[in-house]
Structure formats: C-alpha cells, structure tokens
Amino acid sequence: PFSSSSFSSSFSSSVPVALKSTQLLWLTNFNFITIVREMPAKITPRCEQGSAKFSDRVLLLDQNRVRVSRSSAEDKPGTDNTVFDCRVLSKSQAVFSLVDEKFYLRDNGSSNGTFINNFRLSQAGKKSEETEIYSQDTIRFGFQFETDKTDGGIAKCIIARIKIYFANGTEFPERAVSDKFFRCKEDVCGQEKSNHHQEDIIDQLVNIDTHEHGKENEILKETVANLEKKLKTKQNENINLLEKIANISNDELHRVSEMYHLKEAIECQKLKSIKLEDELAVKLKEHIGNLNAKDLQNELEETRKALKSTTEEICFIREKSKVEGETMKIKDKEISKLSIYLADLEDYKMKVSEEESDTHIQMKKEITELTNLVQKDKELKEVKYVNLKSNKENETVHKIQIEMKRVLNQIAEDEETILKKDQTIIELVNNIKDEHD
C-alpha cells in the first residue's frame with residue numbers, strides 16, 4: 001500500500017481516473033490499474049395489455065435524467081431509452097430521475113398527461129412536481145383516442161408496469177397502501193380490460209363493415225357510425241368518470257394517507273411519551289433517593305446539633321443548679337446569721353432601750369434634783385439676799401451655772417449616742433430587708 005499523494009504524483013499525468021461510483025483494484029506489482037464500474041440503478045418498463053406495442057426496455061439511472069418522448073428523425077426507439085413510436089405522446093412527455101436513492105417521475109407539461117396507477121400528475125400543458133415512483137407501479141403516458149380509419153381507428157397510449165432495481169441488484173420496495181397514489185392491481189387491470197373490451201367491439205364492427213355489401217353495408221355503416229358516436233360519448237363519459245373517480249380516490253387516499261400518517265404519528269408520540277414517562281420515573285426515583293438521603297443526612301445533622309445543644313444546656317442548667325444550690329446554702333447561712341444578728345440586735349436594742357430608760361430616769365432624777373437645788377438656791381438667795389451682799393453670793397451662782405452647763409452637756413451627749421444607735425438599727429433593718437429580697 002502507498003499513500004494517495006504518491007499515487008497522485010506518479011499517475012496523475014498518465015492515468016486520469018474518475019473515482020465516482022467506481023472501484024479501483026491495485027495489483028501488487030503496480031504495473032496496471034483495473035477499473036471496475038458498478039452497475040447503476042435501473043428501471044425496466046414492461047408492456048401491459050392495452051398499450052401501444054413496444055419492446056422491453058432497461059433504463060440506467062446514474063444521477064442522470066431519462067427523458068420520455070415521441071420518436072422523431074433524431075430520436076429513435078431503443079432498448080436503453082424511453083423513446084416510443086406513439087402519436088399520443090408529446091415531444092417531451094416526461095422525465096425519470098434518481099435523487100438521493102429515490103426515483104421520481106415528472107410530467108413536462110404534456111397535452112395528454114402522465115399517469116401513475118391511473119392518477120394524473122398535472123393538468124394539460126402544466127408541469128408537475130417530482131413524484132416518487134416505486135417498483136410494480138403502472139405508468140401510463142397519454143390516453144387513447146379515435147383517428148382516421150386508415151390508421152386502424154384508434155391511437156393507443158403507452159402503458160407499462162415498471163420494476164426498479166438498486167445498483168447492488170436489490171429491487172426497490174413497492175408503494176405503501178397509505179400512499180395517495182396507491183391503487184390495487186385489480187382496479188388498474190379492470191380499467192384496462194374495459195378499454196380492451198371497447199377496442200374489441202370496435203374491431204368486430206369494422207370487420208362486419210368490410211365483409212357485408214350493398215344496402216346492408218350502408219345500414220351497417222350507419223349503425224357503425226351511430227355506434228362509434230355512442231362509443232365516443234361513452235369513452236368521453238368513461239374518461240370523465242375515471243377522472244372523477246381518480247379525483248375522489250385521490251381525496252380518499254389522501255385522507256387515508258393522512259389518517260395513516262396521523263396514526264403513525266400518534267403511535268410515535270405514544271412511544272415517545274412512554275419513553276419520557278420511563279425516563280422521568282427513573283429520574284424521579286433517583287432524585288427522590290438523592291433527596292431522601294440528603295434530607296436524612298440533614299435531619300441527622302440537625303438532630304445531632306439539637307442533642308449537642310440540649311446536652312450543653314442540660315450541663316449548663318446542672319452547673320447553674322449546683323451554683324444556685326451553693327448560693328442558696330450560702331444565703332441560708334447568711335439568713336441564719338442575719339436572723340441571729342437580728343435577734344442579737346433586738347436584744348441589744350432592748351438592752352439599749354432599757355439602758356436609755358435608766359439613763360433617762362437618772363437624768364430626770366438629776367434634773368429634778370437640780371431643779372430642787374435651784375429652787376432651794378433661789379429660796380436661799382431670796383432668804384440670804386438681804387443678809388449676804390458679799391462675794392460669796394457670786395461664787396455660789398457661778399458654781400450653780402457650771403453645774404447646769406455640765407448637766408446639759410451630758411444630756412446632749414446622751415441624745416447623740418441615742419440618735420447614732422437609732423441610725424445603726426435602721427441601717428441594720430434595711431440590710432436585712434435587702435438580704436431577704
């Protein structure tokens with residue numbers, strides 16, 4: 001083996017080769033090249049009953065178009081073309097083509113029309129669209145009509161049943177029942193038989209016309225003319241009926257094909273919906289599983305946190321309760337101490353009150369005594385006023401004044417001590433109230 005670049009450099013000048021739809025076989029000594037061409041796709045039209053006679057044809061389609069036409073001085077009928085010796089056809093009747101492994105037939109605006117399974121492709125003088133053809137289709141070019149008697153009386157059309165083969169030799173599939181151009185072979189054959197029956201009647205009449213003589217011949221001619229007229233009208237009626245039937249059947253087949261396509265689309269949609277449901281169910285299960293796992297993990301984490309917090313709170317409460325218990329014990333001790341202290345204070349108060357009462361009594365006694373002394377002194381002064389006018393009188397007065405001052409000072413000091421004790425008692429009572437609160 002060697003590369004394509006070496007091949008192109010060594011053989012491009014001497015051996016120009018078209019690589020499309022061919023196979024290149026390389027020999028080991030590279031002395032020569034054998035080119036084996038693949039057989040292209042082909043269509044084989046066979047003459048059907050009621051058609052203008054023609055030989056079997058083999059049409060090769062290799063991305064080229066095959067033109068259907070009437071024979072002329074330039075175009076002669078052959079086994080590899082679609083040129084027919086038929087007056088019904090136009091010069092350019094129709095075209096066979098191959099595009100993307102599909103076979104098509106198109107009417108080129110012929111006057112007498114192109115038919116697939118007795119369905120006309122377009123109106124007279126108008127080109128049709130590319131219409132797909134299948135193996136075992138019946139193709140008709142034009143329709144038969146009456147001519148001069150020198151030509152036999154009728155110009156026949158071309159009717160052919162085609163077979164289509166791929167390049168590898170396998171036959172192309174037949175037309176689907178749901179296709180709008182589908183028609184049973186029996187319907188096509190029955191229509192062709194009716195046309196042949198009419199042709200046989202005409203031939204019999206013509207034979208009768210040629211063998212009879214005289215007046216009978218003339219009568220027969222008249223009857224033949226009348227019959228020909230009737231046949232002509234019948235043929236026109238049949239053509240109109242066939243066209244109507246074709247149109248109706250086209251509509252029906254179009255509806256049938258639409259229904260078939262709709263059913264197929266519905267089935268496809270059902271299958272798609274089932275697939276989508278399955279996929280959604282799987283995804284939902286996975287999502288729910290993930291969500292459940294995540295939710296459980298989150299719940300576990302939350303419960304752990306809650307347990308942690310509750311244990312911490314419980315420990316804190318326990319410690320707090322211990323501290324509060326200890327503080328309560330301390331407070332109870334303090335309260336007992338305070339109660340003892342209060343009892344002591346009350347005792348002290350009682351004692352102080354008793355002492356104060358004693359001091360007050362003593363002071364009252366002293367005051368009474370002093371007052372008595374003062375009165376006595378006054379009396380003595382009054383008595384001795386006259387007698388004593390000496391310095392002794394001054395001395396006694398001075399002594400009495402000093403004694404009075406001393407007594408008054410002692411009374412003031414006692415009152416201050418009493419006030420201080422009252423204040424200490426009030427403070428102690430307030431402290432006790434605060435401790436109780």
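User: Which side chain does Arg46 meet in a salt bridge?

Analyst: First, the general idea: a salt bridge is a side-chain nitrogen of Lys or Arg within 4 Å of a carboxyl oxygen of Asp or Glu. Here, Arg46 pairs with Asp56, at 3.8 Å from N to O. Arg46 sits in strand 3 (residues 41-47) and Asp56 in the loop between strand 3 and strand 4 (59-61), so the pair ties together parts 10 residues apart in sequence. Helices (H or I, at least four residues) and strands (E, at least two) are DSSP runs, numbered from the N terminus.

A word on the model: it's predicted, so local features need pLDDT of at least 70 and side-chain atom pairs count only at pLDDT 80 or more, while totals for chains, interfaces and linings use all residues. Residues are numbered from 1 along each chain as its sequence is written, and side-chain values use heavy atoms, leaving out hydrogens and water.

User: How many salt bridges does the whole structure have?

Analyst: A search finds seven. Among them, Asp137 pairs with Arg175, with the closest N and O atoms 2.7 Å apart. Asp137 lies in the loop between strand 11 (131-132) and strand 12 (138-141), and Arg175 in the loop between strand 15 and helix 2 (185-211), so this pair links parts 38 residues apart in sequence.

User: Are Asp137 and Arg175 buried or exposed?

Analyst: Buried means under 20% relative accessible area, exposed over 50%, and partly exposed in between (1.4 Å probe, protein chains only). Both Asp137 and Arg175 are buried. Back at the other pair, Arg46 has 44% relative accessibility, so it counts as partly exposed.
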